[in-house]
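Could you read the points below against the coordinates before we discuss the model?

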Amino acid sequence: QNAGAIGVLICSDPADDGFSKGPVYPEGSFRPDTAVQRGSVLFASQCGGDPSTPDGPSEPGASRLSLEEIQDKCTPKIPSLPISWKNALFFLQALD
């Protein structure tokens, strides 16, 4: 977003944890080309763990950021969408 992107498509590289490493689920433990990763797009380097307590553990009585501070510091301002490797190929091949 700092470089002007208006959105992000996220996909897992099969070389990291997918079908190019070995048998895919359900026969194996690797991600098939149609799998979509789950996770978070928080700025983990700035807000690891509980984003409301970036400077310490999340425990009762801890100082917490307001929702507005969390959104400003920890969350992207542009949309992101996880897609499968199979769907990402459509876009990657169009770049060639």
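1. Basis of the values. This is a predicted model, in which local features need pLDDT of at least 70 and side-chain atom pairs count only at pLDDT 80 or more, while totals for chains, interfaces and linings use all residues. Residues are numbered from 1 along each chain as its sequence is written, and side-chain values use heavy atoms, with hydrogens and water left out.

2. Salt bridge Arg31–Asp17. The structure holds two salt bridges, a salt bridge being a side-chain nitrogen of Lys or Arg within 4 Å of a carboxyl oxygen of Asp or Glu. In one of them Arg31 pairs with Asp17, and the closest N and O atoms are 2.6 Å apart. Because Arg31 lies in the loop between helix 1 and helix 2 and Asp17 in helix 1, the pair ties together parts that are 14 residues apart in sequence; helices (H or I, at least four residues) and strands (E, at least two) are DSSP runs, numbered from the N terminus. Arg31 counts as partly exposed at 23% relative accessibility, and Asp17 counts as partly exposed at 26%, where buried means under 20% relative accessible area, exposed over 50%, and partly exposed in between (1.4 Å probe, protein chains only).

3. Salt bridge Arg64–Asp50. Here the closest N and O atoms of Arg64 and Asp50 are 3.3 Å apart. Arg64 and Asp50 each lie in the loop between helix 1 and helix 2, so the pair ties together parts that are 14 residues apart in sequence. Arg64 is partly exposed, with a relative accessible area of 41%, and Asp50 is partly exposed at 27%.

4. The cavity. The structure holds one cavity of 30 Å³ or more, and about 60 Å³ of space lies in the largest cavity. On a 1 Å grid over the protein atoms alone, a cavity is a set of points where a 1.4 Å probe fits but cannot get out, and lining residues have an atom within 4 Å of a point; the volume is the space filled by probe spheres set on the points, which are joined across faces, edges and corners. Among the lining residues are Asp17, Arg31, Asp33, Ala35 and Trp85. The lining divides into five nonpolar, three polar and four charged residues.

5. Surface patch. Leu9, Leu81, Phe90 and Phe91 make a nonpolar surface patch of about 430 Å²; patches are made of residues with over 30% relative accessible area and no salt bridge, with nonpolar side chains joined within 5 Å and like charges within 9 Å. Phe91 has its place in helix 3 (residues 85-95) and is partly exposed, with a relative accessible area of 42%.

6. Leu89 and Asp33. Leu89 also lies in helix 3 and counts as partly exposed at 29% relative accessibility. From C-alpha to C-alpha, Leu89 and Asp33 are 9.8 Å apart in space, although 56 residues apart in sequence.

7. Prolines. A cis peptide bond, with omega about 10°, joins Tyr25 and Pro26, and Pro26 is found in the loop between helix 1 (14-17) and helix 2 (67-74). Pro76 has its place in the loop between helix 2 and strand 2 (80-82), and counts as partly exposed at 24% relative accessibility.

Conventions: Areas by Shrake-Rupley, 256 points an atom, 1.4 Å probe, with all protein chains shown as cover. 1 Å grid on protein atoms, 1.4 Å probe; cavity = no way out; pocket = protein on both sides within 12 Å on 5 of 7 lines; lining within 4 Å. Nonpolar A, V, L, I, M, F, W, Y, C, P; charged D, E, K, R; others polar.
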